[in-house]
Amino acid sequence: MLPTTALLLGLTGTVLGFHVCQLIADEVSFVTDVYYPGSSSYVADNEHYATSSSQVSKCSVEPGSAEDVGIILGILGKTKTPFGIKGGGHAINQGFSSTTGVQIAMTRFIEVTYDSATQTAVIGAGNIWDDVYELLNTQGVNVVGGRATGIGVAGFTLGGGYSWLSNRYGLALDNVVAYELVVPNGTVVTVMEENDPHLFFSLKGGGNNYGIVTQFTLKTYLQGAVWGGAASYNASYMSVFNAAAVKFCSEVTDPKAAMVMMYAYASGQVLLSAMMFYDGPTPPDGIFDDFLAIPALTLDIATRPFFDLINSTSSGAVVYRSLFNDIPTLEYSESFIEGIIDELNYWGPTLSAQGAFFVGYAIEPFLPSLLTHAPVGSSAYPSSRDHVVFPTVVVLQWVSESGDDVFHDAARQTAEKLGVKGESIYPNYAIYDTPVVDMFGEEGVKRMEATRKRVDPYGVMLLTGGFKV
């Protein structure tokens with residue numbers, strides 16, 4: 001005798017999951033599709049930047065309208081079904097945009113519309129920055145977005161957003177004019193400072209606590225050709241590389257200039273690399289000369305369109321397990337950089353013995369004026385704008401799931417040793433169990449929590465991953 005459907009639903013989450021998938025398929029319009037294991041769309045919808053970020057969902061859904069997103073949220077809320085919301089799929093923490101329940105892939109929200117009258121662009125939440133930059137390039141404008149290829153618009157913007165343009169215009173979240181948001185009761189709302197200041201504040205760093213953002217309206221800026229690219233160096237040039245790094249961090253005040261410098265351990269050796277950027281066709285003498293004078297293993301520096309610079313970068317392969325953790329830093333002094341090198345010299349060989357493919361520390365200097373491009377108290381992150389905290393990141397990549405605990409512990413230990421206690425931790429780099437108060441501060445968390453309870457009184461968004469307030 002076959003068991004009853006009710007018994008099956010009570011015994012197996014798999015059947016329950018497929019049941020919810022069918023409910024969604026029955027209720028949404030023709031612009032939305034549901035996919036199941038075995039289909040290429042299902043595979044693409046569940047795939048993430050790192051293998052460790054991906055999970056096996058019951059089904060994937062590609063909504064084609066904000067109204068259908070509302071229908072989907074309504075069904076998930078009523079059935080208490082776990083779900084994930086994937087924009088670009090670059091979330092490093094497992095479960096933050098992946099799920100074993102229903103995977104929502106924002107693939108179809110790829111609008112990019114420039115309005116010259118308001119100098120803004122409406123950008124769909126399913127875009128990656130590469131495509132946004134290329135489309136806006138035809139209009140001679142740009143927005144504040146990601147620095148490497150493959151980065152999704154939604155997660156990057158909702159979690160903060162440090163950019164090549166941040167010295168000039170602030171973080172990505174500082175440049176949001178409006179959000180189109182599907183709140184958990186299924187309603188589609190436009191959130192602006194004028195109509196809901198508490199929700200507008202909370203979305204600026206607060207991730208997916210308040211519903212599903214379907215599009216962002218961002219400020220645009222005139223954009224011409226830029227200069228920059230990447231260079232890598234042998235560790236034998238460590239001392240001159242360090243001197244160049246300290247000099248750039250302490251002396252360069254041109255807001256058009258920016259860098260990311262990486263100290264890495266891979267294949268049994270230390271490697272150095274630098275990403276250089278200048279918002280113009282040629283940088284003034286003296287800004288990058290020290291780096292360009294070092295004999296390079298690889299060098300790809302050119303004057304080119306902004307989108308071409310982004311396309312030239314590498315965001316890494318998806319075949320490894322990966323983890324980030326933020327190391328809040330107040331200054332890139334010689335002693336701090338020596339501390340990073342000491343940590344690399346310890347963790348590189350130690351973790352390689354545990355299956356590490358890559359161990360790296362990236363330093364990201366910005367000007368002291370970085371946070372003055374938006375008012376004090378205008379965003380959940382950072383918790384304070386009275387001084388700049390640099391988002392130094394440790395990046396770990398390894399092969400086997402059996403090593404997860406070892407690498408997670410290493411990421412916590414090295415961040416604890418190097419980071420400045422009490423400073424805002426950057427949500428987009430933070431390891432999965434970082435307390436939200438360490439990102440948003442006590443007053444920020446209180447404001448965000450009150451807003452969440454108002455917008456999501458039944459806790460629908462608690463069914464998905466991410467940092468929860």
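Ser267 sits in the loop between strand 13 (257-266) and strand 14, where helices (H or I, at least four residues) and strands (E, at least two) are DSSP runs numbered from the N terminus. The phi angle of Ser267 is near 55 degrees, a positive value in a residue other than glycine. Keep in mind that this is a predicted model: local features need pLDDT of at least 70, side-chain atom pairs count only at pLDDT 80 or more, and totals for chains, interfaces and linings use all residues. Residues are numbered from 1 along each chain as its sequence is written, and side-chain values use heavy atoms, with hydrogens and water left out.

**Backbone details**

- Lys80 also has a phi near 55 degrees, a positive value in a residue other than glycine.
- You can find Lys80 in the loop between helix 4 (66-79) and strand 3 (83-86).
- Tyr381 and Pro382 are joined by a cis peptide bond, with omega at about -5 degrees.
- Pro382 belongs to the loop between strand 17 (356-363) and strand 18 (390-398).

**The disulfide**

- How many disulfides are there? The count comes to 1, taking a disulfide as a pair of cysteine sulfur atoms within 2.5 Å.
- Cys21 and Cys59 are the partners, with an S to S distance of 2.0 Å.
- The torsion about their S-S bond is about -95 degrees, so the disulfide of Cys21 and Cys59 is left-handed.
- Because Cys21 lies in helix 2 (residues 13-27) and Cys59 in strand 2 (residues 59-62), the pair ties together parts that are 38 residues apart in sequence.

**Domains and their interface**

- The protein is divided into domain 1 (4-105), domain 2 (112-223) and domain 3 (226-438); these bounds come from an automatic or database domain assignment.
- The centres of domain 2 and domain 3, taken over C-alpha atoms, are 24 Å apart.
- In domain 2, 31 residues are in contact with 39 residues of domain 3, contact meaning heavy atoms within 4.5 Å.
- Together, domain 2 and domain 3 bury about 3100 Å², 59% of it on carbon and sulfur atoms. Buried area is the accessible area (1.4 Å probe) that two parts lose on being put together, summed over both.

**Salt bridges**

- The whole count is 15 salt bridges, each being a side-chain nitrogen of Lys or Arg within 4 Å of a carboxyl oxygen of Asp or Glu.
- Asp279 forms one with Arg168, the closest N and O atoms being 2.7 Å apart.
- Asp279 lies in the loop between strand 14 (269-278) and helix 10 (289-292) and Arg168 in helix 7, so this pair ties together parts that are 111 residues apart in sequence.
- Across the interface of domain 2 and domain 3, 3 salt bridges are found.
- Glu364 and Arg147 form a salt bridge, with their closest N and O atoms 2.7 Å apart.
- Helix 5 (129-137), helix 6 (153-158), helix 7 (166-169) and helix 8 (197-203) each supply at least two residues of the side of domain 2 that touches domain 3.
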